[in-house]
Amino acid sequence: MQNMKHPPAFWLFPIGLVFAVAVSLLPGQWPLYVVLGVATALLGLPHGSLDTAVAKRYLPLGNPLRLGGFFAAYLALSAAVIAVWWQVPDIALAVFLVYSAVHFGDDVAARIGRVGGTGYGLWIISLPVVFQADVVVPLFEMLGSTRPELIVRAAPWSLALGGALLLMGLLSHQSREVSDWRDPLLLVVAAWLLHPLAYFIAYWCFLHSPRHLMLAAQDLGLNSWGEKLRAVAPTTLATYALAIAAIPFLIGLPADAMLMRLIFVGLAALTVPHMVVEFIAEARR
Ligand SMILES: CC1=C(/C=C/C(C)=C/C=C/C(C)=C/C=O)C(C)(C)CCC1
Ligand SMILES: [Fe+2]
């Protein structure tokens with residue numbers, strides 16, 4: 001069965017894929033890293049920045065003290081993730097991949113269920129690891145992993161598990177939408193053809209983030225682009241400032257490893273409190 005209207009980013013995602021193909025065709029690795037940085041900053045990050053507005057709507061943050069407490073708790077959770085990454089990067093990376101899969105499941109869970117959604121997330125994360133293992137291994141190493149081959153060995157199993165759960169979710173929910181099966185199929189082609197970072201840009205910046213942004217903005221009653229921009233701008237700018245403040249701690253690493261850590265360890269750190277906020281909001285919606 002189809003809904004009357006496609007979920008947000010139905011057309012944006014194929015456009016993102018074409019863009020990712022174009023980026024992968026550029027010579028050398030730098031265009032890819034630059035596009036990853038710019039697309040993350042402009043298209044990916046802002047969806048998490050709505051957390052401030054979401055928290056104000058669903059938590060009793062009426063006075064500045066409580067709002068300050070919220071930010072302190074949010075940042076403390078992020079700092080804890082970074083501390084764990086520092087100590088045990090292999091475990092932190094593996095756990096990050098799993099909770100990212102659960103988080104990506106939110107794209108579809110409203111229609112195909114939480115289990116189907118988690119399958120969808122596992123499918124998305126496992127595809128590039130299975131199809132492009134030799135490109136993914138040095139990327140994981142840049143994130144501090146010393147045993148990336150363990151993740152590569154597990155990936156076909158998590159892909160199969162993800163595929164099975166996704167299929168069950170799709171088959172058992174009449175409320176499934178075209179995009180819920182079209183996108184996982186498009187991602188197979190993308191994982192096969194594209195550099196894993198180009199694949200990630202297409203999915204994260206052109207599907208996951210805009211979809212979340214539009215749905216959360218709808219929920220918050222932010223209708224115009226001006227209202228959306230005003231809601232995300234302060235937190236997005238504060239996140240840029242935090243990322244810049246982290247750079248001195250990464251001096252000494254090669255530039256590509258520095259960018260990889262900034263982006264992915266940063267995402268690992270921000271996604272934990274982001275998921276907590278979403279969990280609380282979901283329960284109260
Ligand atoms: C590092 C890395 C990967 C994993 C990225 C992940 C897991 C990102 C999670 C982002 C989140 C949770 C964003 C929240 O909105 C890939 C694509 C498998 C392969 C390339 C290197
Ligand atoms: Fe997200």
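This is a predicted model: local features need pLDDT of at least 70, side-chain atom pairs count only at pLDDT 80 or more; totals for chains, interfaces and linings use all residues.
Local features here need pLDDT of at least 70, side-chain atom pairs count only at pLDDT 80 or more, and totals for chains, interfaces and linings use all residues. Residues are numbered from 1 along each chain as its sequence is written, while chains are lettered from A and ligands numbered from 1 in the order in which they are written.

Let's start with the histidines. An unreviewed UniProt entry places the feature "binding site" at H47, H103, H208 and H212. Although these are spread over 166 residues of sequence, they cluster in space, with a largest C-alpha distance of 12.8 Å. Two of them are set out below, with contacts up to four places away in sequence left out. Helices are DSSP runs (H or I, at least four residues), numbered from the N terminus. Contact means C-beta atoms, placed from the backbone, within 7 Å.

| Residue | Helix | Contacts |
|---|---|---|
| H47 | helix 3 | S209, H212 and L213 |
| H208 | helix 11 | F104, D107 and Y203 |

H47 counts as buried because it has 23 C-beta neighbours inside 10 Å (buried means 20 or more other C-beta atoms within 10 Å of a residue's own, placed from the backbone).

Next comes ligand 1. Its shell holds 17 residues, the closest being S100, L139, P196, F200 and T271; a residue is near if its C-beta atom, placed from the backbone, lies within 6 Å. Helix 11 gives the most to this shell, with five residues.

Finally, in helix 4 (residues 51–58), D51, T52, A53, V54 and A55 are buried.

Methods
A residue is buried if 20 or more other C-beta atoms lie within 10 Å of its own, exposed if 12 or fewer, and partly exposed in between; C-beta atoms are placed from the backbone. Helices (H or I, at least four residues) and strands (E, at least two) are DSSP runs, numbered from the N terminus. UniProt positions are given in the numbering used here, feature names are shortened, and annotations may be inferred rather than shown by experiment. Two residues are in contact if their C-beta atoms, placed from the backbone, lie within 7 Å.
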